[in-house]
Amino acid sequence: MPLVTDLDLIRQMLPSTPYGKGVKEIKPPAPAPWSGCEGALVRNPDDAAEWGIFYNGSARQERRRFTIAHELGHFVLHRAQPPEGGFNCDKSSVYSGSDTMAVIEREANVFASNLLMPGDVFGKCINGSHVDLHLLSGLAKQFDVSFEALCIRFIQHTSQRAILVCWDNGYLDYESRSRAAVMTRARVRRTDDPQEPLPNTVAADTSVAQEWEGITLSAAVWCAEEAPYMKLTEFKHTYSERDRVLSLLLLESAEPRPWDKSWQDGDSFDSYDQFVSNGQLPVR
């Protein structure tokens, strides 16, 4: 059953809501006439009450939808204070989910994720379900979003301890942890910079391209601070180009670390993440 959000209807209705105050129209999205643009939100220089959205015309349909939702996020959240040169977003800012994105781009991504996969609807789809990549792939089709966007949304929403790791050309692109994983200090073991897949993991096994049912491992293989008896299930998806790989880790439940209160700040971007995103890897 499709669960597709009608972005065109939302675009047309926004100017008549409090979120579109002072705006007459958001023009229909169109392919960007310039190269290197994944998405853009621009104001008509001859009419300040008109706005327009551009997207990468060569991108796949589900990616265009995320880009348009991302630019709508800029319209609602940021248009009162547009950055110099306007909202002109490249691939890393629109879609990567990386912890190194600027705050404004991360906010637009979260807006897009919530718009395309509303939390109440998404929760009904995953709560009580057996989670594997077959389930997540099927949901991606139902919501008409990319598989990676769906996996990121799963990490944002799940109550399980979960970690999503994206590898680009054999090296770590980004790591995203669920709130439960942050609260229990579950994080991927760091060995080097740039980070490569860890030994004895499915991610490091080049003979395995897909592992959609999951393989059970000692959690300590991935996460150094996990107790030896803790287990995790590792899933792997390799894209057809084979230069991009997603690893999804589902860890056994654990109690929050009582000595660590950083998660109570209301943001999963803790001090450790701040150091890592700045390239300051800890010494172990």
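I looked up glutamate 148 and found that it forms a salt bridge with arginine 244, the closest N and O atoms being 3.2 Å apart (a salt bridge is a side-chain nitrogen of Lys or Arg within 4 Å of a carboxyl oxygen of Asp or Glu). The two lie 96 residues apart, glutamate 148 in helix α7 and arginine 244 in strand β10 (helices, H or I of at least four residues, and strands, E of at least two, are DSSP runs numbered from the N terminus). Glutamate 148 is buried, with a relative accessible area of 6% (buried means under 20%, exposed over 50%, partly exposed in between, with a 1.4 Å probe and protein chains only).

I noted that this is a predicted model, in which local features need pLDDT of at least 70 and side-chain atom pairs count only at pLDDT 80 or more, while totals for chains, interfaces and linings use all residues. Residues are numbered from 1 along each chain as its sequence is written, and side-chain values use heavy atoms, with hydrogens and water left out.

I then checked glutamate 226 and arginine 161, whose side chains meet in a salt bridge (2.8 Å, N to O). Glutamate 226 lies in the loop between α9 and β9 and arginine 161 in strand β6, so the pair ties together parts 65 residues apart in sequence.

Lastly I traced the open sheet, whose five strands run in the order β7-β6-β10-β9-β8 with antiparallel pairing (two strands pair if DSSP finds at least two bridges between them). I recorded β7 and β8 as the edge strands, each pairing on one side only.
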